[in-house]
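Colleague: Please take me through the charged and nonpolar side chains of this model, with the cut-offs behind each term.

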Amino acid sequence: MPRRLVLLFCLLIAFSAPAAGIAYAQTSSPFAPLPQATTTPDDSTTTTSTSSDDNGGLAAWQQVLIFLGGGVLIAGIGWAILSDARSHAPVEDETEVQHAAKLRKEDDIKRRKAKSRDASKRARAARKRNR
């Protein structure tokens, strides 16, 4: 069900975006000359405020909290990546397990060779019998 909703949403966006672009493309040509720039004299006067109230931004403690939160977030992401990497990394201490696996592999190769050799001997003997 969520896949269908995501697919429907993507299709809605995909089909709505070109329609807006087509309407814009029909009204303006890329080869049309540029419109003339309008120059108007700036009659506005600037006033400077001498008050020390700065209500336009964040307070210093808010900025510190934001930066600390970002640092904690980055540290948490780093910890998650490192812990996941350590859990999937090969362990050097299990040499006995690796040695046992190597021995099993060698035994398997020897068994296959012996089986192949026996099959070859039987086939050769069968060919000699049928001469």
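Modeller: We may begin with R117, which counts as partly exposed because its relative accessibility is 46%; that class lies between buried (under 20% relative accessible area) and exposed (over 50%), with a 1.4 Å probe and protein chains only. This is a predicted model, in which local features need pLDDT of at least 70 and side-chain atom pairs count only at pLDDT 80 or more, while totals for chains, interfaces and linings use all residues. Residues are numbered from 1 along each chain as its sequence is written, and side-chain values use heavy atoms, with hydrogens and water left out.

Colleague: In which helix does R117 lie?

Modeller: Helices are DSSP runs (H or I, at least four residues) numbered from the N terminus. R117 lies in the run of residues 95-129, helix α3.

Colleague: Which residues gather with R117 in a patch of positive charge on the surface?

Modeller: Patches take residues with over 30% relative accessible area and no salt bridge, joining like charges within 9 Å and nonpolar side chains (Val, Leu, Ile, Met, Phe, Trp, Tyr) within 5 Å. Lys and Arg count as positive, and His and the chain ends are not counted; the charge is placed at NZ of Lys or CZ of Arg. The residues that gather with R117 are K113, K121, R124, R127, K128 and R131.

Colleague: What is the area of the nonpolar surface patch made by W61, V64, L65 and L68?

Modeller: W61 is in helix α2 (residues 60-88), and W61 is exposed because its relative accessible area is 55%. Accessible areas come from the Shrake-Rupley method with a 1.4 Å probe, and for residues only the protein chains shown count as cover. The patch made by W61, V64, L65 and L68 covers about 440 Å².

Colleague: How far apart are N and O in the salt bridge of R111 and D108?

Modeller: A salt bridge requires a side-chain nitrogen of Lys or Arg within 4 Å of a carboxyl oxygen of Asp or Glu. R111 and D108 are 3 residues apart in helix α3, so about one helical turn separates them. Their N to O distance is 2.4 Å.

Colleague: Which residues are linked in a network of salt bridges?

Modeller: D108 also forms a salt bridge with R112, with the closest N and O atoms 3.2 Å apart. D108 and R112 are 4 residues apart in helix α3, so they too are separated by about one helical turn. The linked residues are D108, R111 and R112.

Terms used:
Helix = DSSP H or I, 4+ residues; strand = E, 2+ residues; numbered from the N terminus.
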